[in-house]
Amino acid sequence: MSEPEQTDNIFKTGGVFANRELLRVGHVPELDRVVGRDSEVNAIGQALGPATIGGPPETTIIYGKTGTGKSLVSRCVARKAHGEAETNDVVFQHAYVDCSDYQTETKASREMARQLATNLNADVDIPRVGIAASDYRDITWDLLGEFAVDSLVVILDEIDKLDDDELLRSLSRARESGKSETHVGAICISNKIEYRERLNERIDSSLQDNEIVFDPYDASQLRAILENRTDAFEDDVLETDVIPKVAALSAKEHGDARKAIDTLYEAGRLAEKQGTETVTVAHVDDAVKQAEVNRFEKLVSGTTPHVKYILHALALLTADNPEQEAFRTHRIYNLYTTLAEQEGSDPLSEDRVYRLLKEQSFLGVTESNHTGGGQSEGSYLEHRLLRDPKIVVEALDTSGIS
C-alpha cells in the first residue's frame, strides 16, 4: 500500500505575523520606535554628543531593573551617534559587551575586540583562547589606530557580573596611558544601584558623575511600546483588547517591557499554532500562564528530586484544599513519602523535609510560619505555597521532574 501523498506545507506559519523580528528579544529597533524614555534618550545623547564631533564621550553609569530599556536605549543612541558623527566627518564607533555572558576580564576584552572588528569590517584574527586580556585590548587599540577612529564608546551591559574592574580601568585610562589616541568612554549598565560603591577608588575618581536611573514602565508607557510594534502582526489580527490587557498585566506585575513584548509574541504564537486568524485576550491569558510555568520550571530545574516531590506534595494539597492556605509539615510529609515511593525513591526523614521546606521559604517559593495550636498542641510550623498550585503541578508534570 502506497504512502498517502503529503500536501500540507510542514513549514507553514499561518497569517498571524508580518514581521516577528520586531517582537524578539535582542532586536534593536530604530530610535524612533523607542517610546517612554525621552529624558533618558536625551541624557545618553548628551553624554555621547561630544564624541559625534570628535571629542571624548562621557562615561555614564545606568541603573534600573531588568526590562526598563537600559540596554535598548544605550544601543539605539550609540547607533544614532554613529550616523550623526558621519555627517560631521567624524569616525565614531561603539562595541556592546554583555557581561553576563562574558564574566571574566579576558572574555569581555575579547568580545570588545571582536565587536569592534566586526563593526569596522576589519580582516583581523582574534583568537578565542591562548592570549591575555591585555593582548585582546591591544588588538582593540591597534584597530582604533589603523582605522583612524576618533571616538569609541564601549557598552558594558550587566557590568556588575564582571569578576573585576580591570577592563573599565583600562578603558578609562586608555588615552591618558598612551595606549590609544582615540577618545574612549564607556556606558556601564547595572541592575544594582550600589554598583558604583563597589568600584576601586582610583577608577571611581576617573569617572564622570553621569548617573541615570531607569524606572519601571507604567501601563500607559507599556501600551505605547506595544502599539509601536503592532506592525509585527498582519492587519486586523490583534483584537482591540489585547494590547491594553498585556500592558495592564505587565504594569501590575513587573513594569518590564521585555516581558510585555514577549507576552504579546507568545500570544501570537499560540494563535498561530492553533491556526486561528485572530489573537485574542484568551491567547494572552494562556501566554501568561505558560510563561509562569516556564519560570517556575527554570527555578526548580537545579534542585534535587526530593525538593520537587516536596513542592509537588504542597501544590497538590493547596489545589485540593482551596479553603486552606497553609499546611503542617507532617501533613506535607505524608503526601511527600507517597510521591517519592511512587517514583521509586526512598523518602527522606521528616526532619530533613522540614529543613528543605524552610530552604524553599528562603528562596521565595514557599512561606513558613510558626502557628500556635492551643494549649493541647503547642506551636507548630505551617507552610504556604507562594505560587499558583496549578502552575506548580503543571511545571513539574510537563518537565517530567515530579
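Biologist: Let's begin with a loop. Where is Asp236 found?

Modeller: Keep in mind that this is a predicted model. Asp236 has a positive phi of about 65 degrees, although it is not a glycine. As for its place in the chain, Asp236 sits in the loop between α7 (219-227) and α8.

Biologist: And is Asp236 buried or exposed?

Modeller: The cut-off for exposed is over 50% relative accessible area. Asp236 comes out at 76%, so it counts as exposed.

Biologist: Which loop holds Asn121, and what is its phi?

Modeller: Asn121 lies in the loop between α3 and α4. Its relative accessibility is 70%, so Asn121 counts as exposed. Asn121 is not a glycine, yet it has a positive phi of about 55 degrees.

Biologist: How far apart in space are Tyr136 and Arg114?

Modeller: In sequence, 22 residues separate Tyr136 and Arg114. Going C-alpha to C-alpha in space, the distance is 8.9 Å.

Biologist: Now α1. Why do its buried residues end up on the same side?

Modeller: The buried residues of α1 (residues 38-48) are Glu40, Val41, Ile44, Ala47 and Leu48. They are on the same side of α1 because the arc they cover around the axis is only 125 degrees. Exposed on the other side of α1 are Asp38, Ser39 and Gln46. So the reason is that arc of only 125 degrees.

Biologist: What do the buried residues of α1 pack against?

Modeller: One partner is a helix, α2 (70-87). The others are strands: β1 (60-64), β2 (92-98), β3 (151-157), β4 (183-190) and β5 (211-214).

Biologist: Which element gives the most to the lining of the largest pocket?

Modeller: The largest pocket holds about 960 Å³ of space. It is lined by 29 residues, and the closest to its centre are Lys259, Asp262, Ala291, Glu292 and Arg295. Two or more lining residues come from each of α8 (242-253), α9 (257-274) and α10. With ten residues, the one that gives the most is α10.

Biologist: What span should α10 have, and how far apart are its end C-alpha atoms?

Modeller: Helix α10 (residues 281-300) has 20 residues, and at 1.5 Å a residue it should span 28 Å. Its buried residues include His283, Val284, Phe296 and Val300.

Biologist: Last, the whole protein. What share of its residues is buried?

Modeller: The secondary structure comes to 14 helices and eight strands, and the C-alpha atoms fill a box of roughly 80 × 60 × 50 Å along the principal axes. Of the contacts with a separation of 6 or more, 71% involve residues 24 or more positions apart. Out of 402 residues, the buried share is 44%.

Conventions:
Residues are numbered from 1 along each chain as its sequence is written. This is a predicted model: local features need pLDDT of at least 70, side-chain atom pairs count only at pLDDT 80 or more; totals for chains, interfaces and linings use all residues. Side-chain values use heavy atoms; hydrogens and water are left out. Helices (H or I, at least four residues) and strands (E, at least two) are DSSP runs, numbered from the N terminus. The expected span of a helix is 1.5 Å times one less than its number of residues. Buried means under 20% relative accessible area, exposed over 50%, partly exposed in between (1.4 Å probe, protein chains only). The arc is that of the directions from the helix axis to the C-beta atoms. Contact means heavy atoms within 4.5 Å. On a 1 Å grid over the protein atoms alone, a cavity is a set of points where a 1.4 Å probe fits but cannot get out, and a pocket is an open set with protein on both sides within 12 Å along at least five of seven lines; lining residues have an atom within 4 Å of a point. Grid points are joined across faces, edges and corners, and a volume is the space filled by probe spheres set on the points.
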